[in-house]
Amino acid sequence: MASPPQSLPSQILLTPKPEPDAPPSPTPSTHTALIPKPEPDAPTALTPELCDIYRRELEPSPDDHPDFALQLRHSQHQLDAFSANLRLIAPIPKDDVNLQVSIPLPSDAAATSSAATKKRNRAGEMVRVTAFTPQDQIHFRSLVRHARLTFEALRGIYQRQDNYDGARKRSDLRASSKMLSLGLWLYRDVRIVGPIPGVQVGDAFAYRAELCVVGLHCTPQAGICYIPASLVSEGHPVATSIVSSGGYLDDEDSGDVLVYTGSGGRQRNRVDHHADQTLERGNLALHYSYHYGVEVRVIRCHACESSSSRKVYVYDGLYRVVSSTFGPGKSGRDVCKYKLVRLPDQEELGSKNWCLAKDVKDMVDNKVLPQGYISLDLSNGKEAFPVAVCNNVDQESSLLDFDYIAHPEFPLSLEFSPVKRHKGCHCKTTCGSSCSCVRKNGGGPVYNEDRTLVRGRPIVYECGDLCDCTMNCLNRWTQRGMKHRLEVFRSKETEWGVRTLDLIQPGAFVCEYSGDVVPSDLAMDEASFIDPKRLPKRWREWGDASDALLDDNVSQFHHFREPSYVLDVSRRRNFASYISHSSAPNAFIQYVLRGNENESCPHLLVFSMDTIPPMRELSIDYGIDQQVGP
């Protein structure tokens, strides 16, 4: 079921910060009074606040049938999109910059999306987002997150189909095209100048097609995205975003200053020019961005072996074009060159964070304590990689005093009942579709060939100690320990938190929650216990392509009763206890059983939900918002 298009407020100060360690939101700037512009066909009495109330009423119950719960979640997604439409306010003021823009009247085509309008042209309304409430911040971050989850679910499905068929197709382009045909691309009804609601500086993407889905860069191939002259009152095109990959001979990049060469005049996979460039299309638009002083979104492309595409696209924020020249370049051909300077008061450059993370890893590996760090390894060698501890905020160091336990010790006593056992498989090498452990998962593999989780499930059954397969079996992937470098750090906002030093792919295994296992009925002090039953079922969202594929549902999975234990982290724990809460998290908890383990005591494993770049804090939804109420 396709959702309506996601519109956005156009005069709100954007400070996207759902992550716990981001700086506080700046004070919104003062503007003239703005009159909300509701959807033409929407009931005038309906408000975003009322949509939120309806959404809470539609929250599925644990006792609901999976198919019915799926329909309820579909309705919630539609309410989210409709609430976003109701927040649409006046477009960009004409005196905001020298540029004058044409504002078309609202139309049904700009307000709705369906199969009948899936091939419609983009609307021409231009907006700049300049004021943002905390509620808007969470709302639009959630919309972007949901769109990225749908894209990744579709891409994974198409990738597995291609592997099975032996085809070599672009699964990312197929996923993007499918979402476009269903009206699931974000912000298609407006032309955004400046930041994109719900996208943070430093966000990383594995595919160019994903940039299109979230509205960050709306051309799947061209390096310059622009608004055509026909939609600008002055009759000149203006650029809104560029992708810089350093692929031209005249490109120069020092981070805050970027010399960008226009498009054209170069053969594929060559850095030198074989023909003159021309001042047209995107090149002309970037020139007029300089002429009018319009800021441009900059996305940098880097080679990255840990990315599924072997590339990573990092959003580095807003830049101003300060010069535009046309003349002979280093190859002797005429080229368009633009000098862009990064605007102040933005989050740190993503590329700087990548370099900082690499420096920290190198120093820790060489047993050198980086400045501001208080420990090289919190785990004392009990994890696959050292877990450093950084505190450049205060003198707090009490976390170094607890006993570190990398994995929980599940007892086999009768206190945990009922006990249901699995004898194990008899696969000799690696496990396939005929493996008894794999079949318990409802058919099909649990992990992709790149070791990411196929989709969230009520419970994942892995092979265990009684199985004949080796530790190289794909169905034992999480048993080999951490795969990414992580560290604990001190924050003014969340006290202690956990962040990554590596790029983490979406769906990747991150770590396991650990502590002392205590029967649920014996738990006393809630402040020192982690109760799995209180964790929202975020696993439902991972791998869920039901927005685009109506036959994609979770009814095929076996029902699993809730765990009968809690984790006591008051005396013994691991670093996972310091992962912060977020209502728009980038990681989730998945229950996992291994071999013949007690089914009332599954492991609590953390998997990534987003592409998480280096120095980004990990966050999980602990259900705190549900417990304390709105």
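Tutor: A residue is buried if its relative accessible area is under 20%, exposed if over 50%, and partly exposed in between (1.4 Å probe, protein chains only). The model discussed here is predicted, so local features need pLDDT of at least 70 and side-chain atom pairs pLDDT 80 or more, while totals for chains, interfaces and linings use all residues. Residues are numbered from 1 along each chain as its sequence is written, and side-chain values use heavy atoms, with hydrogens and water left out.

Student: What makes S5 largely enclosed by the rest of the structure?

Tutor: Seven of the seven residues of S5 are buried, and S5 is therefore largely enclosed by the rest of the structure. Strand S5 covers residues 238-244; strands (E, at least two residues) and helices (H or I, at least four) are DSSP runs numbered from the N terminus.

Student: How does the reach of helix H7 stand against the expected value?

Tutor: The expected span is 1.5 Å times one less than the number of residues. H7 (residues 281-292) has 12 residues and reaches 16 Å from its first C-alpha to its last, close to the 16 Å expected. Just after H7, glycine 293 takes a positive phi of about 75°.

Student: Which residues of H7 are buried, and which strands do the buried residues pack against?

Tutor: Gly282, Asn283, Ala285, Leu286, Tyr288, Ser289 and Tyr292 are buried in H7. They pack, with contact meaning heavy atoms within 4.5 Å, against strands including S4 (224-227), S5, S8 (296-303) and S9 (311-328).

Student: Is glutamate 152 buried or exposed?

Tutor: Glutamate 152 has a relative accessible area of 12%, and is therefore buried. This residue lies in helix H4 (residues 134-165). Leaving aside residues up to four places away in sequence, glutamate 152 touches Pro506 and Trp542.

Student: What joins the side chains of glutamate 152 and arginine 155?

Tutor: A polar contact of 2.7 Å joins them. The term requires a pair of N or O atoms within 3.5 Å, where within protein one must be able to donate a hydrogen and the other to accept it, and residues adjacent in sequence count only if both atoms are side-chain atoms.

Student: Why does glutamate 495 count as exposed, and why does methionine 615 count as buried?

Tutor: Glutamate 495 is exposed because its relative accessibility is 52%; methionine 615 is buried because its value is 12%. Glutamate 495, in strand S16 (residues 495-500), has a positive phi of about 60° although it is not a glycine. Methionine 615 lies in the loop between strands S23 (603-608) and S24 (619-620); it is not a glycine either, yet its phi is positive at about 70°.

Student: What makes S11 and S16 stand at the edges?

Tutor: The open sheet has four strands in the order S11-S12-S15-S16, with mixed pairing. S11 (373-375) and S16 each have a single partner strand, so one side of each is left without a neighbour in the sheet. S11 pairs with S12 (residues 388-390) in the antiparallel sense over two bridges, and serine 375 stands opposite valine 389 in S12.

Conventions
Pairing = 2+ DSSP bridges.
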